[in-house]
Amino acid sequence: MGLRITQVDAFADRPFAGNPAAVCILAQPRDDEWMQCVAREMNLSETAFLVQREQGYDLRWFTPAVEVDLCGHATLASAHVLWEQGQLQPGEPACFHTRSGVLTARMEGTWIEMDFPSTPARQDSGSYADVESALGVEVRNVGRSRFDYLVEVDSEDALRSIRPDFAKIGRMQTRGLIVTSRPSGADCDYVSRFFAPAAGIDEDPVTGSAHCCLGPLWKERLGRDNLIGYQASARGGFVRTRCEGDRVLISGQAVTVMQGELIGTS
């Protein structure tokens, strides 16, 4: 009997959109090398590993290259799998113990709302030249959050036109670059893209943890909350944000697209 692994498209309301993540619920902890090998085998932007414990689950996230400290879409996928497979009842919250503290998720109709730490950016004007060289566009502002550079550009057209130099981005001392702008249409409040080659992900389709930074930024810029962001990758996805003190409530939808078994892994 193999070990079940489930692939979920997170921040999506249909298959083959949003950001795919693999979710593996373990009976007991496994060593780091094994989890990294599984993540490399899955070759998705994140693979999540859960182990049940008192008051919730231990949750860890691995890209094909490294373990990360915070991941939104694989947390969303994990909560979705726990409810879908009957590990949790629909009205029961999911509680995850992670490198970034305790994260919770709740079902809100067809959406899942996650409680994450806010990671606002501070101005970093000394990085303009390096960022512009890596992205190939003029930038309006550059900030630095706990994990990433936050870069504002003039328009959605400028954001979509970016052809990044991944080698240059990969040499920066940061997890990645969040690029954002006002939208050209009325279906969202802001748009973004996310590049993280140093973590093994050239462009991430939809990055939940980036919205821990984007939510506070656009709340300040727009003077209101309860926002909708669109991550303008090839797959694309919508993310809702609401700020509460030093937390950001991040909401998205999820769809299971594949289930299988890991065999010969004991």
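Helix α6 keeps His211, Cys212, Cys213, Leu214, Gly215, Pro216, Leu217 and Trp218 buried (buried means under 20% relative accessible area with a 1.4 Å probe, protein chains only). The model is predicted, so local features need pLDDT of at least 70 and side-chain atom pairs count only at pLDDT 80 or more, while totals for chains, interfaces and linings use all residues. Numbering starts from 1 along each chain as its sequence is written, and side-chain values use heavy atoms, with hydrogens and water left out.

Helices here are DSSP runs of H or I with at least four residues, and strands are runs of E with at least two, numbered from the N terminus. Helix α6 covers residues 211-222, 12 residues in total, and spans 15 Å from its first C-alpha to its last, close to the expected 16 Å (1.5 Å times one less than the number of residues).

Strand β2 (residues 19-26) pairs with β3 in the parallel sense through 6 bridges (pairing takes at least two DSSP bridges), and Cys24 sits opposite Phe49 of β3. Between β2 and β3 the chain passes through helix α1 (residues 32-42), a right-handed β-α-β crossover (clockwise from the first strand over the helix to the second, with the strands pointing away from the viewer).

Strand β4 (residues 56-62) runs antiparallel to β3, joined by 7 bridges; one of the bridge pairs is Val51 with Asp58 in β4. The β3-β4 hairpin has 2 residues between its strands, and Gln55 takes a positive phi near 60 degrees there.

Notes
Buried < 20%, exposed > 50% of the residue type's maximum accessible area, 1.4 Å probe, protein only.
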